[in-house]
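Subject: Structure for your review

Dear colleague,

Please find below the structure that I am handing over to you. My notes on what was found in it follow directly after.

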Amino acid sequence: MKRIMKNKVIFLALSALAALAGCERDLNIVNPNQVTTAVFWRTADDALAGVNAIYSTTHRGGISRWMPFYYIIRSDEGRSQSPDPGILNNMDRFLVTDYNYGNAYGVWNDNYIGVNRANQVIANVPGIQMDETLKARYIGEAKFLRAMYYFHLVTLFGNVPLILTPSALGDQPGSATIAQVWAQIEQDLTQAASALPTTYSAADVGRATKGAAYALLARAYLQERKYTEALTPLQWLADGEGKSIYALVQNYRENFLITTENNRESVFEWQFEINPAEYTDDDTETPNQNYGTSLAQFFGPPGIGWSDGEANRWPIYQFNEPTKTGTRDPRLEASFLFDSTDVRGPAFTQIYGQTFLQRYGADNKRVWFHKFQNDHWKNEEGYRSPNNWRYIRYADVLLMYAEALNATGKTAQAYPYVDQVRQRAGLAPLSTARPGLTQDQFLNQLKHERVTELSGEGWRWNDLTRWGDLGPQLAPRDAGFATFTKGQDELLPIPQQERDLNPSLMQNPGY
């Protein structure tokens, strides 16, 4: 099912839209062989290709490789021992000296490519004569994806340009406020939810659904600390119609295997596939475009990958609560590769076909993220991983709902949603293990539950931001935070080359 959907997304999209979908604002040489917007947006197939191109933006290196560094390695869960000082300083140690640092600019640029592709669909598809229900769905998908790309931009860069129409040569949009960007995200997701179906047939599995729109809308509300507003979309997912669509899979590890993608726990995931002819991070060079991800190569342990990003050791000690049968929390083995991924120790822990002892010796204390790696089906990594990125899981939805209920004074009502997540791991329900928690105590417990359930899935940075926990006080468990400056390092600098092209852009505080 995955391959059917991905073939539609990639091959229909990029042959026609390579010229339409980029953001080359400073190049005005006309290529007579390129398709132009004036002749492209005419048929339902054109509309589908346009929507597919928006999805394909997730394959670009700025999003599929470098953005996780900023959400995972920059958080207290991750660290870097890369020989590349750019990665060390910019992505781990908050020592940003180059406001044109290429990997940060890649994140900025690729998310705006996604925004521009979405804007083209939203602007042009309404004028195409086609089935009206399908037209509304395509526009809903575009609005969902535009909101997703803006979610990345606002949480990483803050006061970014809010561009809602197709880009034109010479445009110089000013900086929007963070509140304005959030308001647009809320509007796009609300409209998307009203237009998107709850499920798809097999050929289209993986596209944005009503549930995906509600889940991302809830996350936006939470990030803004609008907990009351978050209750409505979360209630639909956890207690309403969504409860019959989504469920926790029995085996936690199945959320990260290529053989069990798009399962019932998946609310939305980025679809990846192998293209053996790929030689670029670009997604417009047919037939050589990239539609996999190279993150597994960059996060892979030494001897397998580059190990430019790895985990701190403190999260493994969060899995300190035994299951009801006295065994270790199974999520630890699924989440991290380290000397005791196998509870019996280095001589039994397998690292891509060899024991940890054989590869690194008994005293090596380094830890690597296990999710989204490919050791379950091969003994090496590369630049073409087909392992989908699970962007939002139902377990995350349940924990978000618990957080919103607790924040609105409904702590007792929040317990059952945490219980579902814990019981899947074999732990005693929280309502049994720690009944009667106060609101503050429950939030502290949720912080723990989110680490054990969601480590390495890219939400830790936003969690710390939402809770107000970013700061130098995190340095004892992540040395990178020793150089964190409050009031500055919560956001990345706006790329200077963007400001050189567009004087209307304001730089973020402290830079």
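Which residues does Phe268 touch, not counting residues up to four places away in sequence? Phe268 touches Tyr55, Phe144, Leu145, Met148, Gly206, Arg207, Ala208, Ala212, Arg390, Tyr391 and Ile392, where contact means heavy atoms within 4.5 Å.

Before you read further, please note that this is a predicted model, in which local features need pLDDT of at least 70 and side-chain atom pairs count only at pLDDT 80 or more, while totals for chains, interfaces and linings use all residues. Residues are numbered from 1 along each chain as its sequence is written, and side-chain values use heavy atoms, with hydrogens and water left out.

The nonpolar cores

A nonpolar core is a set of buried Ala, Val, Leu, Ile, Met, Phe, Trp, Tyr and Cys residues joined through side-chain atoms within 4.5 Å. Buried means under 20% relative accessible area, exposed over 50%, and partly exposed in between, with a 1.4 Å probe and protein chains only. The largest nonpolar core holds 128 residues, and those touching the most other members are Phe144, Ile185, Phe268 and Tyr391. Helix α7 (residues 132-157) gives this core its largest share, 14 residues. A second, separate core has seven residues, among them Tyr352, Phe356, Tyr360 and Trp368.

Helices (H or I, at least four residues) and strands (E, at least two) are DSSP runs, numbered from the N terminus. Gln184 is placed in helix α8 (residues 178-195). With a relative accessible area of 10%, Gln184 is buried. Apart from its neighbours within four places in sequence, Gln184 is in contact with Arg146, Leu162 and Leu164.

The paired strands

Strand β2 (residues 266-270) pairs with β8 in the antiparallel sense over four bridges; two strands pair if DSSP finds at least two bridges between them. Ser266 stands opposite Arg393 in β8. Strand β8 (residues 389-393) is mostly covered, with five of its five residues buried.

The loops

Pro287 lies in the loop between β2 and α11 (295-299). The peptide bond from Thr286 to Pro287 is cis, with omega near 0 degrees.

Two residues other than glycine have a positive phi: Ser307, near 55 degrees, and Tyr352, at about 50 degrees. Ser307 is found in the loop between α11 and β3 (310-311), and it counts as buried at 3% relative accessibility. Tyr352 lies in the loop between β5 (350-351) and β6 (354-355). Tyr352 is also buried, with a relative accessible area of 3%.

Pro346 is found in the loop between β4 (336-337) and β5, and is buried with a relative accessible area of 18%. Leaving aside neighbours within four places in sequence, Pro346 is in contact with Asp339, Thr355, Phe356, Leu357 and Ala362.

The second largest pocket

The second largest pocket is lined by 17 residues, of which Val205, Thr209, Tyr246, Asn262 and Ser266 lie nearest its centre. On a 1 Å grid over the protein atoms alone, a pocket is an open set of points where a 1.4 Å probe fits, with protein on both sides within 12 Å along at least five of seven lines, and lining residues have an atom within 4 Å of a point. Its volume is about 290 Å³, the space filled by probe spheres set on the points, which are joined across faces, edges and corners. The lining divides into six nonpolar, eight polar and three charged residues; Ala, Val, Leu, Ile, Met, Phe, Trp, Tyr, Cys and Pro count as nonpolar, Asp, Glu, Lys and Arg as charged, and the others, Gly among them, as polar.

Yours sincerely
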